[in-house]
Amino acid sequence: MSLNIVNEPWIESPFFYQILKSKKNKVFKKYAIDMHEKGYCVIDLKLSANTINNINKDIAQSLNIGDFKTNPKIYHYNKYPRIVEAWKFSKNVAQLANNIFVKKLLNYLYDSKPLPFSTINFIGGSEQPLHSDYIHFGSMPHKYLVGVWVALENTNKDNGPLTVVPGSHKLSLIDYQDLKRNKATNIKELEKNYRVYEKYIQNIIKYKKLKTKQLHIKKGQAIIWAANLLHGGVRMRNYKLTRKSQVIHFHFSKNKFNYNPGFSDPKKGLYVERKLDIVRV
Ligand SMILES: O=C(O)CCC(=O)C(=O)O
Ligand SMILES: [Fe+2]
């Protein structure tokens with residue numbers, strides 16, 4: 001009998017170590033253990049200087065001509081833009097979102113084909129408060145979502161590195177209705193709900209005395225975080241610095257559907273489905 005009869009990623013399963021024994025790939029084992037225990041892992045993508053420079057050039061150029069799309073204002077915490085879907089004008093961004101090593105590893109970790117569907121490019125730190133991406137991107141079955149955050153220059157304590165709450169992926173999944181909020185029908189209502197959510201996360205961290213950990217990863221390294229891992233951007237201590245990076249979110253081919261929790265009410269069975277705009281090269 002298969003141990004993982006529940007429809008959940010095996011890296012999140014209570015039978016994790018038993019299932020791990022049956023996995024043939026030994027190279028990826030350490031990443032699976034990190035994902036299970038801590039909810040994230042750090043990998044080295046061995047990107048060439050050229051690959052990185054080309055992405056940084058494409059982003060700089062789009063900023064120069066002012067031709068780019070961003071996340072809604074409610075998710076901006078400083079003057080730096082969060083440039084979304086740059087893969088539509090930059091082949092280099094698209095290629096990084098389809099990195100072979102990342103896709104192989106995600107396939108192993110989720111037993112399903114990974115589908116890159118959202119990219120954000122940053123030139124400065126986001127300073128975004130701690131959150132789980134599952135409040136932004138829901139899947140059915142649950143938790144088939146990861147973020148892959150790639151450093152396109154070294155990060156350090158001063159340029160707003162990424163911070164995580166190790167182990168927080170094991171906290172229960174929450175939606176806006178758990179926070180007694182009505183389903184938002186427009187961005188203004190969503191903003192109110194999201195601010196309540198951010199406060200709730202702050203409180204839970206305080207109450208449970210959870211520890212944050214800054215990850216000072218180097219250019220060409222990446223962080224993979226599990227669906228419900230709390231993460232955010234550290235305050236920039238020096239606004240003269242930049243923090244070039246690219247994040248790619250993935251859902252998986254086994255998902256029956258994906259949804260936008262911002263405008264959904266799962267408890268009433270009301271889902272706003274997200275049709276994936278998969279990153280093509
Ligand atoms: O880059 C950051 O500081 C945070 C980005 C993030 O949380 C995300 O894209 O999901
Ligand atoms: Fe995030």
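**Close-up views of a predicted model**

**View 1. The shell around ligand 1.** In this predicted model, ligand 1 is surrounded by Ile-120, Phe-122, Gly-125, Ser-126, Gln-128, Asp-133, Gly-147, Leu-162, His-231, Gly-233, Ser-245 and Val-247 (a residue is near a molecule if its C-beta atom, placed from the backbone, lies within 6 Å of it). Strand S4 (114-122), strand S10 (231-233) and strand S11 (245-252) are the elements that give two or more residues to this shell. Helices (H or I, at least four residues) and strands (E, at least two) are DSSP runs, numbered from the N terminus. Sorted by class, the shell has four nonpolar, seven polar and one charged residues; here Ala, Val, Leu, Ile, Met, Phe, Trp, Tyr, Cys and Pro count as nonpolar, Asp, Glu, Lys and Arg as charged, and the others, Gly among them, as polar.

Some housekeeping before moving on: residues are numbered from 1 along each chain as its sequence is written, while chains are lettered from A and ligands numbered from 1 in the order in which they are written. As the model is predicted, local features need pLDDT of at least 70 and side-chain atom pairs count only at pLDDT 80 or more, though totals for chains, interfaces and linings use all residues.

View 2. Seven strands make an open sheet in the order S1-S9-S6-S11-S4-S3-S2, with antiparallel pairing (two strands pair if DSSP finds at least two bridges between them). Strand S1 (40-44) and strand S2 (69-70) sit at the edges with a single partner strand each, so one side of each has no neighbour in the sheet.

**View 3. Strand S9 and its partners.** Five of the six residues in strand S9 (residues 221-226) are buried, so to speak mostly covered; buried stands for 20 or more other C-beta atoms within 10 Å of a residue's own, exposed for 12 or fewer, and partly exposed for anything in between, with C-beta atoms placed from the backbone. S1 joins S9 through five antiparallel bridges, and Cys-41 has Ile-224 as its bridge partner in S9. S6 and S9 also run antiparallel, joined by five bridges, with Trp-149 opposite Ile-223.

**View 4. Strand S6 meets S11.** Strand S6 (residues 146-151) pairs with S11 over six bridges in the antiparallel sense. Look for Gly-147, which stands opposite His-249 in S11. Gly-147 also turns up among the residues around ligand 1.

View 5. Helix H6 (residues 187-207) has 21 residues and reaches 30 Å from its first C-alpha to its last, close to the 30 Å expected at 1.5 Å a residue (the expected span is 1.5 Å times one less than the number of residues). Its buried residues are Leu-190, Asn-193, Tyr-194, Tyr-197 and Ile-201. Seen down the axis of H6, these buried residues fall within an arc of 105 degrees, so they line one face of the helix; the arc is that of the directions from the helix axis to the C-beta atoms. On the other side, the exposed residues are Lys-188, Arg-195, Lys-199, Gln-202, Asn-203, Lys-206 and Tyr-207. Lys-209 follows H6 with a positive phi, near 55 degrees.

**View 6. Val-281 and Trp-87.** Val-281 lies in the segment after strand S12 (257-259), and counts as exposed because it has 12 C-beta neighbours inside 10 Å. Val-281 and Trp-87 are 194 residues apart in sequence, yet 7.9 Å apart in space, C-alpha to C-alpha.
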